[in-house]
Amino acid sequence: MAGVDGIRRRRGARHIGVSNFQIPHLRRLIDEVGVVPEINQIEAHPYLPNNDVRDFGAGHGILTQAWSPLARGAILDDPQVRALAEDLGRTPAQVVLRWAIERGDVIFPKSVHPERQLENLSIFDFSLPPTAREVLDGLDRGEAGRQGSHPDTMDLITR
Ligand SMILES: NC(=O)c1ccc[n+]([C@@H]2O[C@H](COP(=O)([O-])OP(=O)(O)OC[C@H]3O[C@@H](n4cnc5c(N)ncnc54)[C@H](OP(=O)(O)O)[C@@H]3O)[C@@H](O)[C@H]2O)c1
């Protein structure tokens, strides 16, 4: 009882998630293994919206989980983000996190400060006006916006 069929028969893994899968990785998993993962955890924030991978996932019912949703803090001093935050009476982090959940991403911002954790959780009582979304959509820097390693070139753990 090997492979995915074996796992299914044993009901050993019912909800399969992957991380840093690019489109070719997802295609291979779907076509060769016959598994459509439920979620793909990838870097995503306004500086790197990662729309191609997101859209491919959405087309296959795969949820996107955005890692570094605050661009590791790099986006919080962005003048356009700060201006939006001021207009909306929110913090820059709240505006950026709200952008992510409004487009349907699962987010898990990291902070070691309890007050910031609370701030980051307090994003479900407002919404972004379309003009604000347009500003945030316009911050896309493509590959230059990437904060972490590119999945195609990052060091792999091999055994
Ligand atoms: N799957 C992967 O390959 C992968 C790769 C990278 C990261 N991740 C995961 O993604 C999660 C988050 O990513 P991340 O930590 O890289 O980046 P992030 O959540 O985008 O940003 C974290 C940075 O933002 C600061 N911050 C958080 N909330 C803030 C607020 N309200 N105001 C001001 N500054 C704030 C934090 O500082 P303080 O802590 O000092 O508040 C920290 O420096 C982590 O759990 C990480 O493990 C996954």
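Strand E3, which covers residues 63-67, is joined to E4 by two bridges, and these two strands run parallel. If you want a spot to look at, find Ala66, which stands opposite Ile107 in E4. Keep in mind while you browse that this is a predicted model.

Now zoom out to the whole sheet. E3 and E4 belong to an open sheet of four strands, lined up as E1-E2-E3-E4 with parallel pairing. At the edges you'll find strand E1 (17-19) and strand E4 (106-107), each of which pairs on one side only. As for what holds such strands together in general, strands of a sheet pair through backbone hydrogen bonds, and that can happen in a parallel or an antiparallel way.

How many helices go with the four strands of the protein chain? There are seven. Follow the chain from the N terminus and the elements come in the order α-β-α-β-α-β-α-α-β-α-α. As for overall dimensions, the C-alpha atoms of the protein chain fill a box of roughly 60 × 30 × 30 Å along the principal axes.

Next up is the ligand. Where does it sit? The space that the ligand takes up is the largest pocket. Around the ligand there are 21 residues, and the ones that come nearest are Gln41, Ser68, Leu70, Ser111 and Arg116. Sorted by class, this shell is made of nine nonpolar, eight polar and four charged residues. Which helix gives the most to the shell? That's helix H6 (residues 114-121), with three residues.

| Residue | Side-chain atom | Ligand atom | Distance |
|---|---|---|---|
| Arg116 | polar atom | oxygen | 2.7 Å |
| Glu119 | N or O atom | nitrogen | 3.0 Å |
| Asn120 | N or O atom | nitrogen | 2.9 Å |

So how much of the ligand does the protein bury? Taken alone, the ligand exposes 910 Å², and the protein buries 74% of that.

Putting the ligand site together, then: the ligand takes up the space of the largest pocket, a polar side-chain atom of Arg116 lies 2.7 Å from one of its oxygen atoms, and the side chains of Glu119 and Asn120 each place an N or O atom by a ligand nitrogen.

Key. Residues are numbered from 1 along each chain as its sequence is written. This is a predicted model: local features need pLDDT of at least 70, side-chain atom pairs count only at pLDDT 80 or more; totals for chains, interfaces and linings use all residues. Side-chain values use heavy atoms; hydrogens and water are left out. A residue is near a molecule or strand if one of its heavy atoms lies within 4 Å of it. A polar contact is a pair of N or O atoms within 3.5 Å; within protein, one must be able to donate a hydrogen and the other to accept it, and residues adjacent in sequence count only if both atoms are side-chain atoms. Accessible areas come from the Shrake-Rupley method with a 1.4 Å probe; for residues, only the protein chains shown count as cover. On a 1 Å grid over the protein atoms alone, a cavity is a set of points where a 1.4 Å probe fits but cannot get out, and a pocket is an open set with protein on both sides within 12 Å along at least five of seven lines; lining residues have an atom within 4 Å of a point. A molecule sits in a cavity or pocket if more than half of its atoms lie within 2 Å of its grid points. Ala, Val, Leu, Ile, Met, Phe, Trp, Tyr, Cys and Pro count as nonpolar, Asp, Glu, Lys and Arg as charged, and the others, Gly among them, as polar. Two strands pair if DSSP finds at least two bridges between them.
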